[in-house]
Amino acid sequence: MAANGWHPGLRESAVFDRNVIAEIQRAAREGMYDIRGFGAKRRVPHFDDLLFLGASVSRYPLEGYRERCDTDVVIGTRFASEPLHLEIPITIAGMSFGALSGQAKEALGRGATEMGTSTTTGDGGMTPEEREHSHTLVYQLLPSRYGMNPDDLRRADAIEVVVGQGAKPGGGGMLLGHKISDRVAEMRDLPAGIDQRSACRHPDWTGPDDLEIKIEELREITDWRKPIFVKVGASRTYFDVALAVKSGADAIVLDGMQGGTAATQEVFIEHVGIPILAAIPQAVESLVDLGLHRTVQLIVSGGIRTGADVAKALALGADAVSIGTAALIALGDNAPEHDAAYREIGSAAGYYDDYQAGLDPAGISTQDPELARRLDPVEGGRRLANYLRTLVLETQTLARACGKSHVHNLEPEDLVALTIEAAAMARVPLAGTSWIPGVGTGA
Amino acid sequence: MAATDAIREAVSVDLATVTVRALNQRLHDASAPGSFRVLNPGGQHSIAAGLDAAHAVEIDGHVGYYCAGMNQHATVRIAGNCGVGVAENMMSGTVVVEGSASQSAAATARGGLLIVHGDASARCAISLKGADVVVRGSVGHMSAFMAQRGNLVVCGDAGDALGDSLYEARLYVRGSVAALGADCVEKEMLPEHIAQVRELLERSDIAGVLPEDFRRYGSARRLYNFHVDNLGSY
């Protein structure tokens, strides 16, 4: 070993790093792909690569504690007679009872309701607890149709037709047998303890022409009262958004590749779909081309963590954002007080992603009654409300700094990019230049 | 009261002059069970979708997609053929198709009875979750794909990949099966199964078909929990 402590024998390969080597060894041992939860962990161009310009001589800011900066959003104005009125532009993404414990679902409902926003069911139907604790509840129609019934359809405040999700565009659902408790099994009309594989395509429609008829049926069943969203994983975003609009959606839910999941193949999470940063401008362009931007609302998700992320998403043209992983972290996922328990199952606080395993020490991604009891839904709901409140305050801070009296007045002109990649994807200039790669020099 | 008298007293709604929206709203608003006759359906979609009362609805002609979708309690009779997804996600009640049905008949249906007197196309009873489906003719490929619970009775033949990735639904076929799907196997017809087929045929008003002539198919349950040796079947 050299005097400075460097040893050539300890040089780590950039190609075969320790994660890669461990995965090859695991694959050779088990003969099966790795299944995990959470979202993409690789570094991709993201909102961190954008900056707000703020106000100065050429435009004036708003006073922080005196001048209003509104945050409300109305979703579903295109066709529904009862659109959603949300007080904040941050909603809770679809997560199932089954993937999550009943306590976690209740906590999400409590936190969202305190802040005047919506929660969303998942692949497993609607539980009475969830309906009771969520003032505004979006009911998902998924390929599996687990638990789907017309009473809940009419009981919901909006309907979300799920075509795909960011973690796995083109993939179906997966809930491994050890999370199928008797109650989960009953809701899904399956025997307890068996792997539940949700189909990747809907059973009674294929393609946009059928989807249009399907949406019309849902409207007929609910007497045209409920807003109908269409959720897509970000991939061929321009065309997917256009086809969803053509099919009659009131709102588009667009989930980037960083969006979380309860369980899917690692190879899917890390290698399919595009970052939300790249997808939003495509979606907005599609809506603008159809003359329906702000008429068909755009809700975006996938890696939203801070008020800065919210503000940047809105500035790029979204009407609202949706959070999943961040909401679970607010409830207590990956909390330091569970570190010892995480280490017992081969992880650590800050790293845990085995939502599929049902062993969650925080009691969130589990159906084990003992573990689930660790999450107090009232406390969890309060933490989520605190977190949402912080996101809103941060978003307002940035909007006021840009001189906006409503967060929806943020616009691409308020943004610059730190990297060429982000400039090209977000279609805003590289900082200090007027250059938008792929669009023109601006000169 | 005989069935013909009921029809005579039914409220007639002519879809040549009234929209499907108006028809469905009327059916949804009528809380007391009533009899309705729908004229000139003209292949329109979502006719009688989302019913939630014990209405008797007679449709005089062909219908499009999702007729009687998510039906609860009502009896809907279609005097013609129907498009994709008839009685999809039905919860209860009875839907009768006097002609043939297109794809995904009774998809994900959780209760009630669908009777098709003609043939049913591909994906009949796909992802079935508890309903009974009786087809007087034959069914197309991928029928009962991922079917979880309930019964499919086919008096004719079944197409390719019957019961692929099947869970606990029971499949009865009188004629030939082009091929069984992954994890679907033939099982013994026990007296309880013969009795079940007999009962379903009787409820479907299908005469001249012997329950003893049917063969039963169900899940081998080999794919219920992932195992690397079954990789070729996934």
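Student: How many residues of chain B are in contact with chain A?

Tutor: In this predicted model, 37 residues of chain B are in contact with 21 residues of chain A.

Student: And which elements of chain B supply at least two residues of that side?

Tutor: Helix 2, residues 20–29, and strand 7 of chain B each supply at least two residues of the side that touches chain A, and helix 2 of chain B gives the most, with 4 residues.

Student: What's the make-up of that side by class?

Tutor: The side of chain B that touches chain A has 16 polar, 13 nonpolar and 8 charged residues.

Student: Which strands does strand 7 of chain B run alongside, and in what sense?

Tutor: Strand 6 of chain B, residues 113–116, pairs with strand 7 of chain B in the parallel sense over 4 bridges, while 5 bridges join strand 7 to strand 8 of chain B, residues 149–154, and these two also run parallel.

Student: Which residues stand opposite each other there?

Tutor: Val116(B) has Val135(B), in strand 7, as its bridge partner, and Asp132(B) stands opposite Asn151(B) in strand 8.

Student: Changing topic, what confidence does the predictor give?

Tutor: Chain B averages a pLDDT of 94, with 93% of the residues scoring at least 70, and the complex is given an ipTM of 0.94 and a pTM of 0.95.

Conventions. Residues numbered from 1 in each chain as written. Chains lettered and ligands numbered in written order. Predicted model: local features only at pLDDT ≥ 70, side-chain atom pairs only at ≥ 80, totals over all residues. Pairing = 2+ DSSP bridges. Contact = placed C-beta atoms within 7 Å. Nonpolar A, V, L, I, M, F, W, Y, C, P; charged D, E, K, R; others polar. pLDDT = per-residue confidence, 0-100.
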